[in-house]
Amino acid sequence: MDSLDSVAETVLRRRYLRRDENGNVVETPAGMFRRVAETLAQAEGRFDGDVEATGRTFYEAMTALEFLPNSPTLMNAGTELEQLAACFVLPVEDSLESIFTALKQAALVHQSGGGTGFSFSNLRPEGDVVKKTGGVASGPVSFMRIFDAATEQIKQGGRRRGANMGVLDASHPDVEMFVTAKEGTGAFRNFNLSVATDAMFWEAYDAGEPYDLVNPRTDEVVGQADPDDVLDLAAETAWETGDPGLLFLDTINEHNPTPQLGRLEATNPCGEVPLLPYEACVLGSINLARHTDGEAVDWDKLRETVHMGVRFLDNAIVLSDFPVSEIEEMMTATRKLGLGVMGFHDMLVDLRIPYYSREAVEFAGELMSFIHDESWAASRQLADERGPFPAWEDSTRAEPMRNATTTTIAPTGTISLIAGCSASIEPIYNVAYTKQVMGGLEIVNDRFVDLAKERGFYAEELMAELHDRTSIQNVEEIPDDVKQLFHTAHDVPADGHLRVQAAFQEHVDNAVSKTVNLPRSASVEDVKDVFLTAREFGVKGITVFRSGARSEQVLGETPLQ
Ligand code: CDP
């Protein structure tokens, strides 16, 4: 296999490679890829496919770092814990029985390496009656604390911390409490939060009128809220903590491929997959940095990788064990895949397109449209071979497909470190820095180093000077055209982040995990503006992160200890 850089070696040794009962690593990186490839190829045997040839193809794609599946697949394939999906949504109904069932199921999912999302909108509000005991209800935010505490104790098999997404509808009477839940320090460190908004909320906002707050237990209107106040409050807390974000439920449900099975009300922890209760999704990401010839996109190779990736992920669904039988049922009914990309910024550098440019946004659309169309073609082909997903007939998909969805843009927090590429569709963080995870990882942008050498301005001293800087824009030695190619997350203004997110979203079945970075000096009003622009751009959800807003991000920046 291609040699791995030292960051990849460290990440794999610390988190992924198999260990014996004494904790000694007993697997090489190549051995890990072989284990995953051979296991995933087994699924071919159930459909008269070629197990050996497929295993070789999977192995080659992973060892060439052209494609990597989500972490649970790398960790669990071919082991006793054959749970291969990263994303789950679990239902929480308005009863103690349901709340504690969800808590137990979440624990099992976390233990197997997956992340969980919940809508808490069905829980009766704080102070409401509890008939059985004549007592008063605690409300969603209070119950969420139990989920948070439980998550803290289960470290995903000791390899990574569990993660949750908590969603509450804007019409819930406790919406203010929810919106401000992260205020102060340390609360809900294992949760991302999103306020679910819909047409009713936005119509009221546009009209400058209040909207109704409804008790989900009785369906009674128990009060009103001013949508502008709710947005202000959300912007204020997000300015301080990075949460909450917003979900645009109507946009999400407009694209729900299986409305007959229910309405989408929650997403997985990073927001890239809206799922029905008990649905799961297996993710995989194509490393775009390995799909250029140094100057232009290698479209043929990209097509091949997309087709391989769809097969790989469908095989993962065939083989995956799920810790809860209801998940198994839903997963096999819709067979949702989340094929996405990483190394987008690296690819732009090869194409000499600055990240913050109209050209980049246009290219993002062209690229994702290609990947999307090819992934659907691949899924249709699989439907011919293996049959369509069982819920297909009443779905919105006109032609038989093997999978209700095929595409997603995940954060690729850890797998991009293994692949040695820029994360997901994000701009780079810096050209050289120490990433504060796993004892400190030294990340150096190879493309920058190569260009610096090619253009004759490379020097050890320069690299030392750039180390840990969040921007290279004021460094004199670097030519302007090179500076433009290495815009960092901090250089790109909010609208640049959002335009890239929207361009990808247009061609993605599920959703896009993207952080809109704002400088430390940004105001609460700036955060609110991003929320409003996100609505205008028609994305499915939005997360804003102001630099320095909180010391620890739940996700995005890999939350490894
Ligand atoms: O790079 P990797 O495959 O490890 O994960 P990612 O793309 O950063 O995150 C994808 C999804 O994995 C997240 O949206 C979560 O659903 C889940 N995840 C988790 O459960 N716990 C973590 N510590 C990280 C990710």
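This is a predicted model: local features need pLDDT of at least 70, side-chain atom pairs count only at pLDDT 80 or more; totals for chains, interfaces and linings use all residues.

Residues are numbered from 1 along each chain as its sequence is written, and side-chain values use heavy atoms, with hydrogens and water left out.

Select helix 9 (residues 199-207), whose buried residues are Phe201, Trp202 and Ala204; buried means under 20% relative accessible area, exposed over 50%, and partly exposed in between (1.4 Å probe, protein chains only). Seen down the axis of helix 9, these buried residues fall within an arc of 160°, so they line one face of the helix; the arc is that of the directions from the helix axis to the C-beta atoms. On the other side of helix 9, Glu203 and Asp206 are exposed. Gly208, which follows helix 9, has a positive phi, near 70°.

Next, select Glu426, in the loop between helix 16 (415-419) and strand 15 (432-435). Glu426 counts as buried because its relative accessibility is 15%. A polar atom of the Glu426 side chain lies 3.0 Å from the backbone nitrogen of Thr515. Leaving aside neighbours within four places in sequence, Glu426 is in contact (heavy atoms within 4.5 Å) with His345, Tyr355, His497, Ser513, Lys514 and Thr515.

Finally, select Ile146, which is placed in helix 6 (residues 140-153) and counts as partly exposed at 33% relative accessibility.

Technical notes. Helices (H or I, at least four residues) and strands (E, at least two) are DSSP runs, numbered from the N terminus. A polar contact is a pair of N or O atoms within 3.5 Å; within protein, one must be able to donate a hydrogen and the other to accept it, and residues adjacent in sequence count only if both atoms are side-chain atoms.
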